[in-house]
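Here's a walk through some strands and a ligand site. Have a look at the model first, then read on.

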Amino acid sequence: MARSSFDELFRRYENNPIITVKDVPYSANTVFNAGATRFNGETLLLMRVEDRRGISHFTAARSKDGIGGWEIDPQPTLMPEPEKYPEEIWGIEDPRITWMEEHNEWAITYTAYSRGGPMVSLACTKDFKKFRRLGPVMPPEDKDAALFPDRFGDRWAMIHRPVSAFPSVGAHIWISFSPDLKHWGDHQILIRARKGGWWDANKIGLSPPPLKTDQGWLILYHGVRMTASGAIYRLGLALLDLENPTRLIARSDRWVFGPEEPYEVFGDVNKVVFPCGWIMEEDTIRIYYGGADTCIALATANLSDLLIWLKKHQSV
Ligand code: BMA
């Protein structure tokens with residue numbers, strides 16, 4: 001089939017899922033929603049592992065080709081530390097990794113599951129062994145956060161998804177700015193959840209970190225459709241202005257990827273595809289996503305196809 005037909009923008013890896021809990025070298029419930037980056041010439045996934053209490057931590061997996069031969073840390077790589085960081089009492093979830101060239105280290109935004117609800121925390125690392133926590137950066141309820149790798153003027157920018165106490169308001173994607181990664185302000189809505197019957201009505205959130213392209217920052221986001229049989233998590237695309245990321249250039253009207261295969265449809269939470277990391281090599285993007293909150297799967301796409309498709313199917 002010709003690639004340009006767009007019938008298959010995202011191509012699932014034929015031997016999906018690529019990592020399941022059986023691959024984790026210690027007892028756990030599930031492994032899913034992994035951040036991704038290149039580290040020491042390899043692909044590194046920082047995987048969310050949920051233990052058999054229901055509390056999540058992170059474990060690193062490394063592979064030469066980003067597809068198979070995963071070497072998984074024998075012990076958890078980053079555990080919640082509620083004694084020092086009380087906001088991590090019920091675990092740490094859904095890491096997004098950004099390489100911060102200027103700091104020569106990686107920044108990881110993640111959900112700290114606090115007694116007050118899920119909130120956004122930040123940690124930095126140079127080696128994925130030792131982590132320096134900057135602590136919570138957004139109060140609850142807030143999650144689905146990632147940093148941009150570049151500064152805009154003298155400020156860093158972060159995308160995140162606060163939830164309003166007024167359900168009728170909807171849960172939108174926001175952007176905020178900071179001079180030091182610690183203190184955040186100038187909060188504003190970036191992408192609004194649609195309303196009514198749309199696939200991304202009422203609740204949306206960023207998936208992997210923004211990806212820099214010559215046409216703008218490419219955004220992959222999830223839309224949650226509530227149905228009589230539960231939620232369906234699907235993915236859409238958007239594009240932000242390179243110099244001014246508060247400017248939304250395009251947003252897809254329809255979803256690009258949704259749960260179809262059994263490992264996406266059936267699991268601890270049915271009908272969920274949830275990427276937290278993607279890696280671009282030349283024109284190919286590898287997207288790592290959680291399947292049904294139970295396993296990790298891989299899909300690939302061509303950047304040029306995604307950008308052409310987005311132009312054809314935009315609604316902004
Ligand atoms: C979201 C997050 C994700 C999870 C998804 C589906 O709110 O908690 O970790 O994959 O729900 O359960």
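Strand E20 (residues 284-291) and strand E21 pair in the antiparallel sense, with 8 bridges between them. Strands here are DSSP runs of at least two residues, numbered from the N terminus, and two of them pair if DSSP finds at least two bridges between them. This is a predicted model, so to speak of local features takes a pLDDT of at least 70 and side-chain atom pairs count only at pLDDT 80 or more, while totals for chains, interfaces and linings use all residues. Residues are numbered from 1 along each chain as its sequence is written, and side-chain values use heavy atoms, with hydrogens and water left out.

Within that pair, Arg 286 stands opposite Thr 300 in E21. The hairpin of E20 and E21 has 3 residues between the strands, and Ala 292 takes a positive phi there, near 50 degrees. E21 (residues 295-302) also pairs with strand E1 (residues 11-12), antiparallel again, over 2 bridges. On that side, Arg 11 has Thr 300 as its bridge partner. E21 is mostly covered, with 7 of its 8 residues buried; buried means under 20% relative accessible area, exposed over 50% and partly exposed in between (1.4 Å probe, protein chains only).

Now to E4 (residues 56-63), where 8 of 8 residues are buried. Strand E3 (residues 42-50) is joined to E4 by 8 bridges, running antiparallel. Arg 48 is found opposite Phe 58 of E4. The E3 and E4 hairpin has 5 residues between the strands, with Gly 54 at a positive phi near 105 degrees. E4 also pairs with strand E5 (residues 71-72) in the antiparallel sense, through 2 bridges, and there Ala 61 faces Ile 72 as its opposite number.

Arg 48 turns up again at the ligand. The residues around the ligand are Asn 33, Arg 48, Asp 94, Lys 143, Tyr 233, Val 269, Val 272, Phe 274 and Asp 293, where being near takes a heavy atom within 4 Å. By class, that shell has 4 nonpolar, 1 polar and 4 charged residues. For these classes, Ala, Val, Leu, Ile, Met, Phe, Trp, Tyr, Cys and Pro count as nonpolar, Asp, Glu, Lys and Arg as charged, and the others, Gly among them, as polar.

Taken alone, the ligand exposes 310 Å², and the protein buries 86% of that (Shrake-Rupley areas, 1.4 Å probe).

Finally, there's an open sheet of 4 strands in the order E6-E7-E8-E9, with antiparallel pairing. Its edge strands are E6 (92-100) and E9 (131-138), each pairing on one side only. On average, neighbouring strands of this sheet are turned by 25 degrees against each other, direction ignored; the axes are lines fitted to C-alpha atoms, and angles run from 0 to 180 degrees between N-to-C directions. Inside the sheet, E7 (residues 105-114) and E8 (residues 117-125) pair over 9 bridges, with Thr 109 opposite Leu 122 in E8.
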